[in-house]
Amino acid sequence: MSKEILDIMEDLFNGKLYPAEQVVSESPRCREISEEICRKMIGMEETLEAPIYKEIEAVHDLFVAESDIMGVEYFKCGFSLGLQFMQESQEVINYLHSRHNRIYGNESAAAEGQDSGEE
């Protein structure tokens, strides 16, 4: 296993890795939406009565909390699918190696080992 993977695993285990905090959208549309939300929230704060604005702010906070929860779920789903893809890919590779060895025997595998410097 590579050092980078071990470092990532250690950071994840020790609570030093927060993928949600490292994601920054490169989408110009996302930035536009975020800026528009900020402008609208500031505009409402300036024009609405305080109790009404507080309610709108509370709803906004609920949307943000929901978005965070959904982000975690998207991450878990994507991570799980990635692991499943890797596992199934490794199974195909193992099957192909096994089939190759059944067809060509161990002589071919030994020759491959010699070519790559393995013993």
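Q: Is Phe75 buried, partly exposed or exposed?
A: The model is a predicted one, and Phe75 sits in helix α4. Its relative accessible area is 44%. Buried would need under 20% and exposed over 50%, so Phe75 is partly exposed.

Q: Which residues form a nonpolar patch on the surface together with Phe75?
A: A patch takes residues with over 30% relative accessible area, and Phe75 has 44%. The accessible area of the patch comes to about 570 Å² together. Besides Phe75, its members are Phe79, Leu83, Phe85 and Met86.

Q: How many helices and strands does the chain have, and what share of its residues is buried?
A: The elements run α-α-α-α from the N terminus on, with four helices and zero strands. The accessible surface is about 10700 Å², and carbon and sulfur atoms hold 60% of that. Of the 119 residues, the buried share is 3%.

Q: Which element gives the most residues to the lining of the largest pocket?
A: The largest pocket holds about 700 Å³ of space. Helices α2 (19–22), α3 (28–47) and α4 (50–115) each give two or more residues to its lining. With eight residues, the element that gives the most is α4.

Q: How do the lining residues of the largest pocket divide into nonpolar, polar and charged?
A: The lining has 20 residues, and Val23, Cys30, Val64, Ser67 and Asp68 lie nearest the centre of the pocket. The division is twelve nonpolar, six polar and two charged.

Q: Which residue forms a salt bridge with Glu32, and how far apart are the closest N and O atoms?
A: Glu32 is partly exposed at 43% relative accessibility, whereas Arg29 is exposed at 52%. Both residues lie in helix α3, three residues apart, about one turn of the helix. The partner of Glu32 is Arg29, with the closest N and O atoms 3.4 Å apart.

Q: What is the N to O distance in the salt bridge of Glu73 and Lys76?
A: Because Glu73 and Lys76 are three residues apart in helix α4, about one helical turn separates them. Glu73 is partly exposed at 37%, and Lys76 is partly exposed at 45%. A salt bridge requires N and O within 4 Å, and here the distance is 3.3 Å.

Terms used: Residues are numbered from 1 along each chain as its sequence is written. This is a predicted model: local features need pLDDT of at least 70, side-chain atom pairs count only at pLDDT 80 or more; totals for chains, interfaces and linings use all residues. Side-chain values use heavy atoms; hydrogens and water are left out. On a 1 Å grid over the protein atoms alone, a cavity is a set of points where a 1.4 Å probe fits but cannot get out, and a pocket is an open set with protein on both sides within 12 Å along at least five of seven lines; lining residues have an atom within 4 Å of a point. Grid points are joined across faces, edges and corners, and a volume is the space filled by probe spheres set on the points. Ala, Val, Leu, Ile, Met, Phe, Trp, Tyr, Cys and Pro count as nonpolar, Asp, Glu, Lys and Arg as charged, and the others, Gly among them, as polar. Buried means under 20% relative accessible area, exposed over 50%, partly exposed in between (1.4 Å probe, protein chains only). Accessible areas come from the Shrake-Rupley method with a 1.4 Å probe; for residues, only the protein chains shown count as cover. Patches are made of residues with over 30% relative accessible area and no salt bridge: like charges are joined within 9 Å, nonpolar side chains (Val, Leu, Ile, Met, Phe, Trp, Tyr) within 5 Å. A salt bridge is a side-chain nitrogen of Lys or Arg within 4 Å of a carboxyl oxygen of Asp or Glu.
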